[in-house]
Amino acid sequence: MSYTFALAGNPNCGKTTMFNEITGSTQYVGNWPGVTVEKKEGRARRFKEEIKVVDLPGIYSLSPYTMEEIIARDYILDEKPDVVINIVDASNIERNLYLTTQLVELGVPVVVALNMMDVVTTRGDQINLKKLSELLGVPVVPASASKGQGIHDVMQKALVVAQTAATVEVEVPKLRFDAKMEKCLDEVQNLIAAYADRHHYHKRWVALKLLEEDQEIKKKLDLPANVEKDIQNCIAQLENEFDNDTETIIADGRYQYIADVVAEAVKKKNTGSTLTVSDKIDKIVTNRIFAIPIFLLMMWMVFRVTFGAVGSWTIDFVDGLVNDTIAGALSSGLEAAGAAEWLHALVIDGIIGGVGSILVFVPQIMILFFFMALLEDSGYMARAAFIMDRALRKLGLTGKSFIPMLMGFGCSAPAVMATRTLENEKDRKLTIILTPFMSCGARMPIYLLFGAAFFAQNQSTMIFSIYILGIVVAIISGIILKKTLFKGEAAPFVMELPPYRIPTLKGLFIHMWDRGKAFLIKAGTVIFSAAVIIWFCQTFSFTLQMVEDPADSILGVIGHAIAPIFAPLGFGDWRSAVAIFTGLVAKEVVVATLGILHGLGEVAEDSMELHTALQTYFTPLKAYAFMAFTLLYFPCIAAFGAMKRELNSWKWTLFAVGYQTGIAWIVAFLIYNVGRLFGLT
Amino acid sequence: MPLTMMTRGIEAIVKGCRAKDKTKKFLEGLGLVPGTKIAVVAEMKGDLIISVKGSRLAINKGIAQKLDVEAA
């Protein structure tokens, strides 16, 4: 027999940790809401039976107001998993049981995994599991996922429930509302019984949803007008009697029931509202005077380590490893094997060159992602979003846009994917359009190359100014777009702040790896292919003849054709045009292309020969305009793909990259021409 | 009175919410229904961190203005 279990629970309830422990896969463990919006699946370890486990998005309720809620609900209703394992944070039980009351109503067997029992024990609270199970009408199994405890018991229980589901009737939900509400519920149930059966939905649940005026369910049932009218009458009657809308009456009823359950089953040692350690930290980090300085200090430290001494050391290390050790060994190996000259060139110049230029940045990106994981897992990231909300609101964004934007300094592709945590579509679109302006790690080699060749005296200042330029362009774009295409206020900011905790090293590395992996895969696939194609296109002409002068090659011809576009920006020579063209694939390729086209084979960005070669084509002003252009234009294929997925619209995706490229042209044009007016060269 | 007028550290009881349906429903999922006891833990220029049913919620000033409370 094979079974399907679905994991459902609030954000921050330890669901992802539980999922990882059950399936043994190493996945992302995070803190902010909606982190597992992707449907993750795995197979349960240590069971003879074939058990598929599906990780549903973290949600607070089953109302259809967020993407995550709709995904989770539709999955349970339509796919009908054998068991829904509802993970409940025992240390925050009242709030967590709200979802439980709704899951139970769906008519699918539910097993409650009472997680974070260790926290409850430490606090000195007591939970009567048997009582809780009786009151809720579902099995309750204690667990501490972060300590690896109780997980097998949860699965074992779920398996028993799944195996006996066919013979045992699912218990009727114990939750009863006010008598008047119950009367209306009965009426509506009778009205819609036939329609609910057609979809195999639980009648009581459907009736509740209809009383809540749930549009999704209405659409699915397609009720005749007279039935709809009767339901409307019920609603009007209830709203009149309770002097509140039905949704609130029902929510209130749920919480009242939960309060009763908790009063009977949970004994709290400390009922007073004393400040926790987390609260005390929050008083400092969100203090009106210290909040911003503390935030800036944190960011400064992250960037200092990532892009400072530690980061550059790793770059030098990998550079030496790839471009000297590996390239050297391969080169002599190929020569010894008597490989043809073209093969040698393909492997050394094309592949090692192209892929190597990216591998160099992997450690740096990993360091950045490590710090991100640290900020998230410790709980500070949620506070940073809160602190930044006010400022971002002026740009038409919200505090939640901050997290993707910060990630954008690492790699735009995962950053764009992280915008899923924004529940408002308008905010999400705007964040996706602006995030690529944050200079990603892949653009760094371009700045390093041009910085070293043209701004030897004040290299780090010039590079830093490019990062600032990206932020400034994002700010101005935000203000412009907010006033034009994205009118109206950003979604109100509501975010749960998980308690601060000391992250585990294992958790941090899993988290870091999960994000960094995408970058490595990109190096191995997209960039690898791009390197081969670029090498081919600059070695052969359109007639497929090997060319002596790269100017006659396929790339050379393309470069000559598009170069005039860039002439007003100061870099109208065909090599720069080709580099920008190939940079569409990935920004790392820009440097590799310049190296190849200047006939130097594969070069690192600190190559003196390339510096000299570039100095004959560029002036410092032109170089800066070029850096600005490469910062702002079309991000890369990987980011483009991510944008398409998240925007789910060709129109918006093309608008976004069109806007970015247009802005890049305008900014580079202004830098070059205004600079010349001021007599700069 | 709106939550923005509440003194920090003092407990209050939610009376109602004047936010849009979608926001209101989301807040209900987080425990903010009439009758819930809440307390302001920290305040930053009108934006608040509040304690609701054992969890901490960060909400901006706009939301705080739409939440009606009365002293507990």
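How far apart do the C-alpha centres of domain 2 of chain A and domain 3 of chain A lie? The C-alpha centres of these two domains lie 53 Å apart.

## Basis of the model

This is a predicted model, in which local features need pLDDT of at least 70 and side-chain atom pairs count only at pLDDT 80 or more, whereas totals for chains, interfaces and linings use all residues. Residues are numbered from 1 along each chain as its sequence is written, chains are lettered from A and ligands numbered from 1 in the order in which they are written, and side-chain values use heavy atoms, with hydrogens and water left out.

## Chain A: overall architecture

Chain A is divided into domain 1 (2-164), domain 2 (179-243) and domain 3 (297-677); such bounds come from an automatic or database domain assignment. The chain has 30 helices and nine strands, where helices (H or I, at least four residues) and strands (E, at least two) are DSSP runs numbered from the N terminus.

The radius of gyration of chain A is 29 Å, close to the 26 Å given by the globule rule for 681 residues, so the chain is as compact as a globular protein of that length. This radius is taken over C-alpha atoms, and the rule is 2.2 Å times the number of residues to the power 0.38. Along the principal axes, the C-alpha atoms of chain A fill a box of roughly 85 × 55 × 55 Å.

## Helix α7 of chain A and its partners

Two packed helices are described by the angle between their axes and the distance between the axes. Axes are lines fitted to C-alpha atoms, for helices over the stretch in contact, and angles run from 0 to 180 degrees between N-to-C directions. Helix α7 (residues 179-198) and helix α8 (residues 203-211) of chain A have axes that come within 8 Å and cross at roughly 110°. α7(A) and α8(A) are therefore roughly perpendicular to each other (65 to 115 degrees; under 35 counts as roughly parallel, over 145 as roughly antiparallel and the rest as oblique). Their crossing is right-handed, meaning that the near helix is turned clockwise from the far one by less than a right angle. In this contact (heavy atoms within 4.5 Å), the residues of α7(A) include L185(A), V188(A) and I192(A), and those of α8(A) include V206(A), L210(A) and L211(A). The residues of the contact divide into twelve nonpolar, one polar and three charged. Ala, Val, Leu, Ile, Met, Phe, Trp, Tyr, Cys and Pro count as nonpolar, Asp, Glu, Lys and Arg as charged, and the others, Gly among them, as polar.

The axes of α7(A) and helix α10 (residues 225-242) of chain A come within 11 Å and cross at roughly 170°, which makes α7(A) roughly antiparallel to α10(A). Among the residues making the contact are C184(A), V188(A) and L191(A) of α7(A) and I231(A), C234(A) and L238(A) of α10(A). By class, this contact has eleven nonpolar, no polar and four charged residues.

## Helices α3 and α11 of chain A

The axes of helix α3 (residues 93-105) and helix α11 (residues 246-265) of chain A come within 9 Å and cross at roughly 115°, and the crossing is right-handed. L97(A), Y98(A) and T101(A) are among the α3(A) residues that meet α11(A), whose contributors include Y255(A), I258(A) and V262(A). The contact comprises ten nonpolar, two polar and three charged residues.

## Chain B

Chain B has two helices and five strands, arranged along the sequence in the pattern β-α-β-β-β-α-β. A compact globule of 72 residues would have a radius of gyration near 11 Å, and the 11 Å of chain B agrees. Its C-alpha trace spans about 30 × 25 × 20 Å along the principal axes.

D68(B) is found in strand β5 (residues 67-71) of chain B. Not counting residues up to four places away in sequence, D68(B) touches M1(B), P2(B), I13(B), V14(B), K15(B), G16(B) and R18(B). D68(B) and E43(B) are 25 residues apart in sequence and 17 Å apart in space, C-alpha to C-alpha.
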